[in-house]
Amino acid sequence: MKKMKIFNQVPVLTDGQIDKQAEKQIRFLKAIHPQLEESHWNDGRIELRPVKREQRIEDYLRSFGSWRLGQKDVVELKKFLHAINGKGVDLYYSAFAFDFDMVVYKKNGKPYEKGKVNKENALFTSILAADFDDITEEQFLQEKQRLLDLDIETIDVFSGHGWQSIILLNHRVTDKGILKKFTGLMMAKGFRVDSAIVDASRVLRMPYSFNCKALDKKSKYYDSINPKIIATTDHFWTERRYHVADVFGKLNNLPDVVEQTTPLTEIDLETIPTAPISNAERKAEKNKAKKEIEIVEITQIDVEHLKAVYSMLDFKRLPLAIQKILAGSQAGLRNKVMFFIIPFLRNKLGLDIQTIRTTMTLWGERCSPILDADEIRKEVGRIYGLGFKGGHGVYTQELFQAYGYLDFDQYKIKDEIKITNSFFEEFAVLPDASVRIFLSMKLAAELGEVKEFSKKDIQRFANISERTVERNIKALVTKKYVSKRRSNRRKGETYVYYLTPYFSAAEGYTTLGNALVDKMLKELTDGEMKLYCFLRRKSGNQEDCFWASQKYIADQIGKTQQGLSLMTNNLDNKGFLKKTTEENGKIKQSKYVLKF
């Protein structure tokens, strides 16, 4: 019997699904091309390019382009997505913004197609892109870990047959050869990147679309019988941005695996042409002389006095610019300071909202004029609730003039670990011992820079039996908080385990002090540890405290109310919290005050 060919397996999205698709794509595009956030027209247009993979598609598919993603542009984007909906089309975005009005010609004398980026009309980019093609997820995670070890976070897009890692920049790069330089440096350092990412006309795989190469006869993935259509999406999200020179400098500290054809030098870094990330910032630079804010440079502060005032902080370890800020701010700068320092205290230092409010109240007392404590508390709650994802807010030119240069890599928390908030949301199904295993691995990795764990290592760090490891590590691997790979069997180990090197920044994270984790591992049972971590996660959220029934808490961590009551008593006896119970009529209400 002759096999029937399946021409199209591309999902057909509903109107609601296309609305959601557009929403996600807009968020992504605004991260890649920050100028799209501006409310007015700007000089760089971006392109979304559809590429046909099915021969039977006869309609000409025009690229979607935009200078800014306003309301009308969003409507047009949805029309564009409807036009390619259900068709065998791959979707790409331009890495560079380009000059739409520039008429340029190819070597053969023919004009480049209007509305598409090319090497002549490309203007600038705000990203560095690496393409890891045809490698396994495990191999990609190893590549990603090398970047994380350099303190370089990336947006990672699963392209269908590999991954693309995007480094966000805090400025524009107008050097059309920047991608070639970046790819060359990555290859020299041994990264398994695609050598084709080199030119300013490069288009990259758009997430939240479909990889349809299996429908293309020219593709090595072509399958005429059962073509595999693959959804593309982001696997890790970050909003952290870098200066291009910092990225190149960090990478260049790695030893060469392949000899660099054009060695990177300090002069190379200094001569990379850059520009402010938005038109608004460029305009602000031109008009800064016209501002009426009086900038007063602070040169000296009483460090010992401020150390005593801000006893909740390790004040002496703070960068000098932060110390100057906490010494007090004058009118005209205070709002800018709050939008910068509150995200810094939250995301960089990992402070909870109560500590931030105390810190900012003390700061307000040192401002000129003094700021009202109630107003500060309200502002802290408002700004904290905005959920800035980076390590800090915007360090504006005015702040730079007043407080000086700030090296954001200078202050790194050495005594805390970060845990993605999604981990706590799994407590209802995660075995108690798996929480112990995960925390012991995080602590060991933080203190000893342990990257790979054998079963014996986990036994030793978590102080549990081999059988307990075998039963409970599976849940962490299934949920992808821990990954594993084949080991050298000659050493008697089938697998080695390592912490998954990324998590979604959009979900946020909770910090736990190393000393606290060590104390829990030594003094608490597995169930008590899970409960205390859950309470820490909740109490460290946006509100000063949270109200919940015993049943709710028990359900969230997979326990009974009776078991929960017993564990809170034990935590009280062990000094981890203070439990008080009051009767309101016939209803008993318990209050827990965490000690650590």
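How many contacts beyond four places in sequence does the model have for residues 288-299, where pLDDT stays under 50? The model has 20. A contact means heavy atoms within 4.5 Å.

## Model and confidence

This is a predicted model, in which local features need pLDDT of at least 70, side-chain atom pairs count only at pLDDT 80 or more, and totals for chains, interfaces and linings use all residues. Residues are numbered from 1 along each chain as its sequence is written, and side-chain values use heavy atoms, leaving out hydrogens and water.

pLDDT is the predictor's confidence in each residue, from 0 to 100. The protein chain has a mean pLDDT of 82. In residues 1-7, pLDDT stays under 50. Where pLDDT is low, the predicted coordinates should not be read in detail.

## Helix 4

Helices (H or I, at least four residues) and strands (E, at least two) are DSSP runs, numbered from the N terminus. Helix 4 spans residues 178-188. Its buried residues (under 20% relative accessible area, 1.4 Å probe, protein chains only) include Phe 182 and Met 186. They pack against strand 5, helix 3, strand 7 and helix 5. Gly 190 follows helix 4, with a positive phi near 90°.

## Salt bridges

The whole structure holds 30 salt bridges, each a side-chain nitrogen of Lys or Arg within 4 Å of a carboxyl oxygen of Asp or Glu. One of them joins Lys 144 and Asp 156 at 2.7 Å, N to O. Lys 144 lies in helix 3 and Asp 156 in strand 6, so the pair ties together parts 12 residues apart in sequence. Both Lys 144 and Asp 156 are buried.

Lys 530 and Asp 432 form another, at 2.9 Å between the closest N and O atoms. Both are buried.

Technical notes
Buried means under 20% relative accessible area, exposed over 50%, partly exposed in between (1.4 Å probe, protein chains only).
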